[in-house]
Amino acid sequence: MTFWLLLTVNSVTFGGLLFLLSAGFSLIFGLMRIPNLTHGSMFMVGAYLGTSLLSGALGITLNFWLAAVIGAVEVALLGALMERLLLRRLAGQQLAQVLVTLGVSFMAADLCLMGWGGDPISVATPPALAGFLRFGGAVFPLYRLAVILIAAVVALALWLMLERTRLGAMIRAGVDDPQMARVVGIRVSQLFTIVFALGAGLAGFAGMIGGPILSVYPGLDQDMLPLALVVVILGGTGSLLGSFVGSIIVGFIYNFGQALLPELAYFILFLPMVLVLALRPQGLFGGQVL
Amino acid sequence: MFRKLTPRKENLAFRKMTRRALLAGTAAGTAAALARFPTPAIAQAAPFKLGLLTVKTGPLAQGGIQMEQGVLTYLKETNYTMGGRKVDLVSADTGGNPAGTKTKAQELIERDKVDAILGPLAAFELLAITDYIREQKTPTLSVAGADDLTQRRPNPYFLRAAAASSQAMQPMGHYAATEMKLKRVVTISEDFAFGYEQMGGFQSAFQQDGGCIVSKLWPPLVTPDYTPYAAQISDCDGVCQGFAGSNPLRFMKAYANTGLKYPVVTGETGGDDALLKSFGEEAIGLISCTPYTVDLDTAGNNRFVEGMLKNYDTIPGQYAAIMYVSCQVIAAGLQAVGGDASDKEKFMAALRAVSLTDTPRGPVKFDHFGNIVGTFYVRRLGTEGAKYGLKLWNKTIKTYENVSQFWTWPEQEFLAHPVYSRDYPPLTKC
């Protein structure tokens, strides 16, 4: 019983973390029609910047949440710059854009190695959440429960943004039909920058939030990117609901797969992706932003 | 460059010399140089070429960078000399993959004509070049563990100053059974050869002393979150983990987060001193058995640690230490052959015969397969004795001296078994 409970809670936690990572990935994919292969790097860079802020890179030691938010803003700015300076020049050439994102991800990995060294950095759990919650025979770290809450809050905020704001309406129009959106006067290229920055910022934020669970180390980017890819293909590109449901599904498959059939853990993880691609290529919720 | 520095007047005088006079002068100079030194000395005046195969990019870079730092610390300390010869270091980044390792090894041997190779880091890299270095007869000293390279498939040009994969785990198994009095242990390690060989060594030694393995867990090399595996650990009184790289960090976190309290034992990568600054409180109590410990208070180790701190402001782990020791071995071997490494068979024989008493890892000698016979240290991770500004420290609690890769078993008996694998030794009823 404890075993099942522990795995269930952990599945939701991991799903929450994946949602933070993949929501931006999905929006970028949906709007710009390219898988942003630097998304893993943004996750890692956010975590690295966050740890530096935590340990006083600005001259003062920030608290965990402030470090996560400032790190995310920095990554968002980097994302905006990348979109403006690199991807913008290749507008319309999707293959070239994908290759650029891949190249930048290698460069980012090496720059991080130079800047932060090869040693893994462990991120301390915020002191207020360092405790455990006991339930039945199982213990649940408060921090992991908090991650679920954070993911839920971010999901709600994104939903409100997409559903209730002018910007959200423009993004939905852009995902739906970029040509038409342009015709009715939406500046789609500006939208690209905003969404790219937003996605980058979310990934950077997720990196720091994931820090106390995953720690930060060279190669973190390559570990996370395939998971984001699975989530988005499963849920459907450009769909917030899709990435939410996809994240939770992958969280469960990941945890239960590894616990029950460890030999087949990766097979089981990628199987739904293959099935979806074969039977429903647009994903479970493809084509609908919400 | 040189001409620029020459005073103008002399330069003019030089131009006025006839071509014939210049030629005669140069010839005379060369003759004089030849007369002054006998020929063999000229050969030795050329630097000894040392190749380093390391990994400076990607996930293995942490160990790879430490390897290079260990080598450079040795070279700086000795002013780039080994056995009386100047040393020329050629460093190559394999990228951490077998194909890259093969390419770089070929470059080092065929283009740079190195006399010996240090590295590579990982067993799969070493396996990619083992036949090639044997053909080329290039002495190679690596940190890579792969048991069989000094057991059932020995390579005469390979020396290992670190430890075979299973070597440190055998004393660890003995210690767990006899001193920690553990009876039932769950093993967990990465799903690849290094993991199998470590756990196989632990299981064999642990069972010999009355312990029993309840189950074996094999997470894939890339496992962002170990909680699903930690959740499977039950019905035991101890855990043996064999993780490498940054994985020990995340495993210990997930382990503590799952609320597990059984004592954890590990080997050289799972408790590596280079991880001390990254570990948090969740790792306190971790028992590790390693071929190198920064805690060793000898003149040889203190000099090395101070060198690493001075040059790189870094606490050395086993990768740096073993490369430093490997340099000491090469220097001693080169000394023994009078600085002449041109006869590769003779040089290799001298390297294999090296016996040192005060290296950072303690005394060093090799068995007839070229594998280390040395001291292994059992340490407990805690706050006691912490130095160099660290909060956590691996405090030595027992040393095993003269540990061979065959542990207490006769060589023949050991080699009659298949190499340790996922299913060997098999699980017994427990």
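The C-alpha centres of domain 1 of chain B and domain 2 of chain B lie 25 Å apart in this predicted model. In the domain assignment of chain B, domain 1 takes residues 49-165 + 302-374 and domain 2 takes residues 169-296 + 375-416. Across the boundary between them, 31 residues of domain 1 of chain B are in contact with 24 residues of domain 2 of chain B. On the side of domain 1 of chain B that touches domain 2 of chain B, at least two residues each are supplied by helix 5 (61-77), helix 12 (299-312), helix 13 (318-336), strand 13 (362-366) and strand 14 (372-382) of chain B, and the largest share, 3 residues, comes from helix 13 of chain B. By residue class, this side of domain 1 of chain B divides into 16 nonpolar, 11 polar and 4 charged residues.

**Chain B as a whole**

Chain B has 15 helices and 15 strands, and of its 430 residues 52% count as buried. Among contacts in chain B between residues at least 6 apart in sequence, 71% join residues at least 24 apart.

In chain B, 6 strands form an open sheet in the order 2-3-1-4-5-6, with mixed pairing. Strand 2 (81-82) and strand 6 (158-159) of chain B stand at the edges of this sheet with a single partner strand each, so one side of each is left without a neighbour in the sheet. Strands of a sheet pair through backbone hydrogen bonds, either parallel or antiparallel. Strand 4 (residues 116-118) and strand 5 (residues 140-141) of chain B run parallel and are joined by 2 bridges.

Ile117(B) is found in strand 4 of chain B, and its bridge partner in strand 5 of chain B is Thr140(B). Because 27 other C-beta atoms lie within 10 Å, Ile117(B) is buried, the threshold for that class being 20 or more. Leaving aside neighbours within four places in sequence, Ile117(B) is in contact with Gly51(B), Leu53(B), Ala105(B), Leu108(B), Ile133(B), Thr138(B) and Thr140(B). The C-alpha atoms of Ile117(B) and Gly95(B), which are 22 residues apart along the chain, are separated by 17 Å.

**Strands 7 and 8 of chain B**

Strand 7 (residues 184-188) of chain B is mostly covered, with 4 of its 5 residues buried. This strand runs parallel to strand 8 (residues 212-217) of chain B, and 5 bridges join the two; among the paired residues, Val185(B) has Ile213(B) as its bridge partner in strand 8 of chain B.

| Helix | Residues | End-to-end C-alpha distance | Expected span |
|---|---|---|---|
| Helix 13 of chain B | 19 residues | 27 Å | 27 Å |

Helix 2 of chain A is followed by Gly56(A), whose phi is positive, near 90°, while helix 13 of chain B is followed by Gly338(B), whose phi is positive, near 65°.

**The largest nonpolar core**

In soluble globular proteins, nonpolar side chains tend to be buried together. The largest nonpolar core here has 212 residues, of which Leu20(A), Leu21(A) and Met323(B) touch the most other members. Helix 1 of chain A gives the most to this core, with 17 residues, and at least three residues are drawn from each of domain 1 and domain 2 of chain B. Not counting residues up to four places away in sequence, Met323(B) touches Met67(B), Gly70(B), Val71(B), Leu118(B) and Val143(B).

**Contact between the chains**

The contact between chain A and chain B takes 30 residues from chain A and 29 residues from chain B. Elements giving two or more residues to the side of chain A that touches chain B include helix 1 (2-32), helix 4 (94-116), strand 2 (138-141) and helix 8 (188-214) of chain A. Helix 1 of chain A gives the most to that side, with 5 residues. The residues of the side of chain A that touches chain B divide into 20 nonpolar, 7 polar and 3 charged.

Notes:
Residues numbered from 1 in each chain as written. Chains lettered and ligands numbered in written order. Predicted model: local features only at pLDDT ≥ 70, side-chain atom pairs only at ≥ 80, totals over all residues. Contact = placed C-beta atoms within 7 Å. Nonpolar A, V, L, I, M, F, W, Y, C, P; charged D, E, K, R; others polar. Domains from an automatic or database assignment. Pairing = 2+ DSSP bridges. Core = buried A, V, L, I, M, F, W, Y, C linked by C-beta atoms within 7 Å. Buried ≥ 20, exposed ≤ 12 C-beta atoms within 10 Å, placed from the backbone. Expected span 1.5 Å × (residues − 1).
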